[in-house]
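Reader: Hi, I have just opened this model and would like to go through it piece by piece. Could you help me read it?

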Amino acid sequence: EEDKQFKNIFRQIAGDDMEISADELRNVLNNVLKKHKSLKTEGFALESCRSMIALMDTDGSGKINLDEFRHLWTKIKSWQKIFKCYDTDHSGTINSYEMRNAVKDAGFQLNNQLYDIITMRYGNRNMNIEFDSFICCFVRLEGMFRAFQAFDKDGDGIIKLNVLEWLQLTMYA
Ligand SMILES: O=C(O)/C(S)=C/c1c[nH]c2cc(Br)ccc12
């Protein structure tokens with residue numbers, strides 16, 4: 001029953017082509033955000049939604065279909081729970097130390113250098129992470145781990161890419 005409901009929501013957002021574009025994704029995410037007062041944020045920028053589409057667009061259509069959207073939605077739903085549990089003062093931001101724990105809670109094993117890179121790349125001028133940046137960071141982390149695993153066919157943790165394969169991976173993200 002819930003899945004039928006989800007399909008209906010998807011159909012409303014996606015329109016006739018049954019695929020969600022960055023604009024359509026931005027509208028639905030920002031509409032949901034309005035219902036979550038504790039997630040104080042100006043909302044998702046179009047560029048962030050383009051990146052989320054690119055990272056989730058497994059069939060290379062430039063948009064996301066029902067399955068890709070369901071995966072993204074499920075992830076955002078779980079990641080926003082983590083954000084809320086760290087944003088104890090409901091400021092709509094978490095600090096770099098809380099971000100380390102949030103990354104670990106989400107199941108990503110990184111190193112200190114990467115935690116610092118994340119703070120630099122996604123932190124605001126006070127080095128705090130706002131909700132929309134938080135989500136974009138996790139979408140990129142998950143997308144990059146998934147891309148690596150897709151290349152690492154024998155699972156030995158090593159992949160071999162030529163420069164064009166590398167550019168395909170890093171430019172469409
Ligand atoms: O708090 C909840 O119960 C839910 S269902 C939250 C969300 C479920 N999907 C979300 C997407 C964004 Br963006 C923000 C919040 C949510």
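Reader: Where is Met120 placed?
Author: Met120 sits in helix α6 of this predicted model, where helices (H or I, at least four residues) and strands (E, at least two) are DSSP runs, numbered from the N terminus. Residues are numbered from 1 along each chain as its sequence is written. In this predicted model, local features need pLDDT of at least 70 and side-chain atom pairs count only at pLDDT 80 or more, while totals for chains, interfaces and linings use all residues, and side-chain values use heavy atoms, with hydrogens and water left out.

Reader: Is Met120 buried or exposed?
Author: Met120 counts as exposed, at 65% relative accessibility. Buried means under 20% relative accessible area, exposed means over 50%, and partly exposed is in between (1.4 Å probe, protein chains only).

Reader: And how far apart are Met120 and Ser96 in space?
Author: From C-alpha to C-alpha they are 9.4 Å apart, and in sequence Met120 and Ser96 are 24 residues apart.

Reader: What about Tyr115, where is that and is it buried or exposed?
Author: Tyr115 is placed in helix α6, and with a relative accessible area of 6% Tyr115 is buried. The C-alpha atoms of Tyr115 and Ile64 are separated by 29 Å, and these residues are 51 apart along the chain.

Reader: Which strand has Ile129 in it?
Author: Ile129 is found in strand β2, and Ile129 is buried, its relative accessible area being 0%.

Reader: Switching topic: which residues are around the ligand?
Author: The residues around the ligand are Leu29, Val32, His36, Leu39, Phe44, Trp73, Ile76, Lys77, Gln80, Lys84 and Phe131, where a residue is near a molecule if one of its heavy atoms lies within 4 Å of it. On its own the ligand has 410 Å² of accessible area, and the protein covers 78% of that; such areas come from the Shrake-Rupley method with a 1.4 Å probe, and for residues only the protein chains shown count as cover.

Reader: Which elements give two or more residues to that shell?
Author: Those elements are α2 (22–34) and α4 (66–86), and α4 gives the most, with five residues.

Reader: How do the residues of the shell divide by type?
Author: They divide into seven nonpolar, two polar and two charged. Here Ala, Val, Leu, Ile, Met, Phe, Trp, Tyr, Cys and Pro count as nonpolar, Asp, Glu, Lys and Arg as charged, and the others, Gly among them, as polar.

Reader: What lies 3.1 Å from an oxygen atom of the ligand?
Author: That is an N or O atom in the side chain of Lys84.

Reader: Tell me about α4 itself; how many residues does it have?
Author: Helix α4 has 21 residues and reaches 30 Å from its first C-alpha to its last, close to the 30 Å expected at 1.5 Å a residue, the expected span being 1.5 Å times one less than the number of residues.

Reader: Which residue caps the N-terminal end of α4?
Author: Asn65 does, with a side-chain oxygen that lies 3.0 Å from the backbone nitrogen of Asp67.

Reader: What comes in the loop between α4 and β1?
Author: Ser91 lies in that loop, with β1 at 93–94, and His90 has its place in that loop too. Ser91 is partly exposed, with a relative accessible area of 31%, and His90 also counts as partly exposed, at 44%. His90 has a positive phi of about 50° although it is not a glycine.

Reader: Which residue does the side chain of Ser91 contact?
Author: A polar contact of 3.0 Å joins the side chains of Ser91 and Thr93. A polar contact is a pair of N or O atoms within 3.5 Å; within protein, one must be able to donate a hydrogen and the other to accept it, and residues adjacent in sequence count only if both atoms are side-chain atoms.

Reader: Last one: which residues of α1 are buried?
Author: In α1, Phe6, Phe10, Ile13 and Ala14 are buried. Seen down the axis of α1, these buried residues fall within an arc of 85°, so they line one face of the helix; the arc is that of the directions from the helix axis to the C-beta atoms. On the other side of α1, Lys4, Gln5 and Gln12 are exposed.
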